[in-house]
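Work through the exercises below with the sequence and the coordinates at hand. Each task is followed by its solution.

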Amino acid sequence: MKTCAQTISDYAFRSLGYGERLLPRSDFTLCEQFTLIGSGMIWNIYFGVIALCTGFFFAVALAMGKNSDKWLYRRPSEVFIFIFRGSPLFIQFFFAYFFFLSMKKSYALFDPLTAAWLGAVIVLFCNTAAYSAEIFFGALRSIPKGDIEAADAYGMTGWPRFRRIVFPTMMRLAWPAYTNEAIFLFHATALVFFSAFPARGQKGDALYYASYFADKTFNPFVPYPILAFYFILLTLVIIWLFGIMNRRLNRHLPQSATPKLRVRPNLIR
């Protein structure tokens with residue numbers, strides 16, 4: 001019987017291809033389930049962090065495009081946001097996978113896109129960018145006109161006005177809602193398991209290992225609560241990190257006037 005320390009040493013990085021190659025077959029311990037499901041969470045965190053960090057900048061560009069007076073910028077932004085907000089994320093995964101797969105037959109360049117580490121991240125990137133852009137667009141429209149008029153009075157135009165007035169105010173207004181979008185994005189990474197995108201080396205994410213233990217033991221009431229526990233911990237970390245940024249964005253306001261983060265999970269998307 002392995003000790004828990006040995007189990008952690010053998011399986012902690014199995015999802016990345018390191019450590020013990022074979023999964024345990026019987027007599028599963030809690031330590032094995034916690035370790036392997038936690039190992040799979042590395043992929044879920046990877047999907048979420050990459051999609052969130054890259055999608056943030058694209059979302060800002062989309063929001064500015066949708067708010068633009070020029071048709072050339074506004075219309076493509078509106079179409080992109082409508083498509084990825086109007087269709088289910090699950091369908092986007094399947095459509096993207098089979099599109100990349102068909103393109104792979106003609107162009108070898110598309111081969112990496114059929115794997116979860118890149119293809120699934122692109123789908124999550126597009127989805128979160130669309131939802132975040134709508135949040136930022138609403139914040140843009142809510143910027144007090146007095147702030148813009150004050151910037152004009154000081155002679156600020158173009159990039160200086162955007163960097164010093166528009167962008168900070170937009171972030172301050174949008175941040176509570178954007179926090180909820182970040183939480184949902186990390187929860188949505190569990191859908192990668194159900195999509196057609198194969199994981200690296202078939203090692204799998206957290207839901208892959210939770211499903212493995214549930215199938216082998218015929219008892220879903222141990223691995224799935226463990227999976228939920230990890231996602232709850234991840235949610236608390238996100239709330240803490242985004243709370244720090246929220247206080248940073250509102251540091252010039254009195255403490256009583258600082259907007260509080262309110263987690264409102266998306267039950268239907």
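**Overall architecture**

Of the 269 residues in the protein, 43% are buried, where buried means under 20% relative accessible area, exposed over 50% and partly exposed in between (1.4 Å probe, protein chains only). The model is predicted, so local features need pLDDT of at least 70 and side-chain atom pairs count only at pLDDT 80 or more, while totals for chains, interfaces and linings use all residues. Residues are numbered from 1 along each chain as its sequence is written, and side-chain values use heavy atoms, with hydrogens and water left out.

**Exercise 1.** Determine the secondary structure content, the dimensions and the share of contacts that join residues at least 24 apart.

Solution. 
- Step 1. Helices (H or I, at least four residues) and strands (E, at least two) are DSSP runs, numbered from the N terminus. The count is 9 helices and 0 strands.
- Step 2. Read from the N terminus, the order of elements is α-α-α-α-α-α-α-α-α.
- Step 3. Along the principal axes, the C-alpha atoms fill a box of roughly 75 × 55 × 30 Å.
- Step 4. A contact means heavy atoms within 4.5 Å. Taking contacts between residues at least 6 apart in sequence, 74% join residues at least 24 apart.

**Exercise 2.** Find which cysteines form a disulfide, and state the handedness of the bond.

Solution. 
- Step 1. A disulfide is a pair of cysteine sulfur atoms within 2.5 Å. Searching the whole structure gives 1 disulfide.
- Step 2. The partners are Cys4 and Cys31, with sulfur atoms 2.1 Å apart.
- Step 3. The disulfide is right-handed because the torsion about the S-S bond of Cys4 and Cys31 is about 85°.
- Step 4. This pair links distant parts of the chain: Cys4 lies in helix 1 (residues 4-11) and Cys31 in helix 2 (residues 30-66), 27 residues apart.
- Step 5. Cys4 is partly exposed at 41% relative accessibility, whereas Cys31 is buried at 14%.

**Exercise 3.** Characterise the packing of helix 3 (residues 71-86) on helix 5 (residues 116-142).

Solution. 
- Step 1. Two packed helices are described by the angle between their axes and by the distance between the axes. Axes are lines fitted to C-alpha atoms, for helices over the stretch in contact, and angles run from 0 to 180 degrees between N-to-C directions.
- Step 2. For helix 3 and helix 5, the angle is about 115° and the axes are 8 Å apart.
- Step 3. Angles under 35 degrees count as roughly parallel, over 145 as roughly antiparallel, 65 to 115 as roughly perpendicular and the rest as oblique. Helix 3 and helix 5 are therefore roughly perpendicular.
- Step 4. A crossing is left-handed if the near helix is turned anticlockwise from the far one by less than a right angle, and right-handed if clockwise. Helix 3 passes helix 5 in a left-handed crossing.
- Step 5. Phe80, Ile81, Phe84 and Arg85 of helix 3 meet residues of helix 5 including Cys126, Ala130 and Glu134.
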